[in-house]
Amino acid sequence: MISWAWNVAGIVFFVNFVVGILFIFSTMENFSFCSPTEFIFGRGSQEQVGLALASRRATMVMIVYGSDRIRHTGLLDQIESSLTAAGVRFIEYGGIQPNPTAESVYNALPIARDNKVDFILAVGGGSPIDAAKAIALGTLYPGDFWDFYSGKEQPQFALPVGVVLTIPAAGSEGSGNSVITNEETHQKISVRYPNVLRPRFAIMNPELTMTLPWDQTAYGIVDMMAHIFERYFSNTPGTDLVDSYAEAILRNVMDQAYTLRHDPDDYDARANVMWAGTLAHNGICGVGKVEDWSSHRLEHEISAFYHVAHGAGLAVVIPAWMTFCAAKNPDKLWKFAVNVMEVDPTGKEHKEVIDEGISELINFYHDLGLTTRLSELIGETPDIEKMVASLHRNMGDTLGNYVPLSMDDCREIYRLADLPTEE
């Protein structure tokens, strides 16, 4: 009996020892954070674009933009006048569509090379910025720029990129990320090359966002919140400070969204939302953490096949992802419900608090005028098997970190995303 008791005691001691060691080493991740982008923020800041480029010795700039809206509003004329006054030559390359395509990049590359472009200036939101980054990668590369998106090559350098931001959403003005859609292969691929693709400067005038249609404002708010979610929902312990300011940004963005819903010309609300979009994606909300990014990758398949706005797709995916994860890893979702969605947990079961938090988020999306049902968004019955097959091709067998998802799990999340929701 004594020998048996000592064996049990030894096993218990060993287990506790191992758990203790794991606890010691299970803490905030080591990290390196560098955000070299100069942010030039405020009223009239677009007038400084010529100086920003001349001070960086730009001699031939390619202005990359989307629709002719920036011409009709007079912004393009202001930018070109500023460049001319600073002695900086330029060419235009417009027509970048939402969810920018590989074709638009391929068409731009010979123009950039023939004109000896040495700086790319993106004017607009995430789509022109992402396309500008792809052009910056491809101009100096003798091969196919898609090599960098398919994972065949890692870039060592790229042309410098600057930004005049008009749509706060993607946070691409402060990140090293770029997302391009290859329509031939139905692939929407995101890359992260912070050492070569972070913009050198970003000019941010909140007044430029006041003429945006409401749906673009709403999509942008969903997108920037999603960028925080991908970092907030992490299993890395010891990141209370990072969690706290992520929660504060989320709460503020939601408050400002309600303000803008009723008064789209509120400068302070526009300014807060614009800066929140940058903070959501320049990396500061993810320092020391293992990030997730499964919601974005799930959504990329939706917008790749059905050509919907990225933010609209995220409003469908995120509640479904949360619902799926709640049964497998509930603790952070409880914290989100209480600290961000302000659910009162008094006298409620753990699951009840989480469900209420997800419902409140769905209600928020509905208040923005967005649907949270997949078939309503795309206007047809979704081909879930097609999306899962493409996701598997692009991402492999598993996805994410907060809850590692199998392809069967992803199939279930798409199914949940098409269920009707109740407010």
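Visitor: Is the crossing of α9 and α13 left-handed or right-handed?
Guide: The crossing of α9 and α13 is left-handed. Left-handed means that the near helix is turned anticlockwise from the far one by less than a right angle, and right-handed means clockwise. Before going on: this is a predicted model, where local features need pLDDT of at least 70, side-chain atom pairs count only at pLDDT 80 or more, and totals for chains, interfaces and linings use all residues. Residues are numbered from 1 along each chain as its sequence is written, and side-chain values use heavy atoms, with hydrogens and water left out.

Visitor: Which residues make the contact of α9 and α13?
Guide: From α9 come Y219, V222, D223, A226 and F229. From α13 come H310, G311, A312, L314, A315, I318 and M322. Contact means heavy atoms within 4.5 Å.

Visitor: How do the residues of that contact divide into nonpolar, polar and charged?
Guide: There are 9 nonpolar, 2 polar and 1 charged. Ala, Val, Leu, Ile, Met, Phe, Trp, Tyr, Cys and Pro count as nonpolar, Asp, Glu, Lys and Arg as charged, and the others, Gly among them, as polar.

Visitor: At what angle do the axes of α9 and α13 cross?
Guide: Roughly 45°, and the axes come within 8 Å. Helix α9 is residues 214-232 and helix α13 is residues 310-326. The two are therefore oblique to each other. Angles under 35 degrees count as roughly parallel, over 145 as roughly antiparallel, 65 to 115 as roughly perpendicular and the rest as oblique. Axes are lines fitted to C-alpha atoms, for helices over the stretch in contact, and angles run from 0 to 180 degrees between N-to-C directions. Helices (H or I, at least four residues) and strands (E, at least two) are DSSP runs, numbered from the N terminus.

Visitor: Next pair. How do α17 and α18 pack?
Guide: At an angle of about 140°, with their axes 10 Å apart. That makes α17 oblique to α18. This crossing is right-handed. Among the contact residues are M387, V388 and L391 of α17, and C410 and Y414 of α18. The residues of this contact divide into 7 nonpolar, 1 polar and 3 charged.

Visitor: What about S390, buried or exposed?
Guide: S390 is found in helix α17. At 5% relative accessibility, S390 counts as buried. Buried means under 20% relative accessible area, exposed over 50%, partly exposed in between (1.4 Å probe, protein chains only). Leaving aside neighbours within four places in sequence, S390 is in contact with H186, E301 and F305.

Visitor: Switching to strands. Where is I189?
Guide: I189 is in strand β7, residues 187-192. At 12% relative accessibility, I189 counts as buried. I189 and R297 are 108 residues apart in sequence, yet 8.5 Å apart in space, C-alpha to C-alpha.
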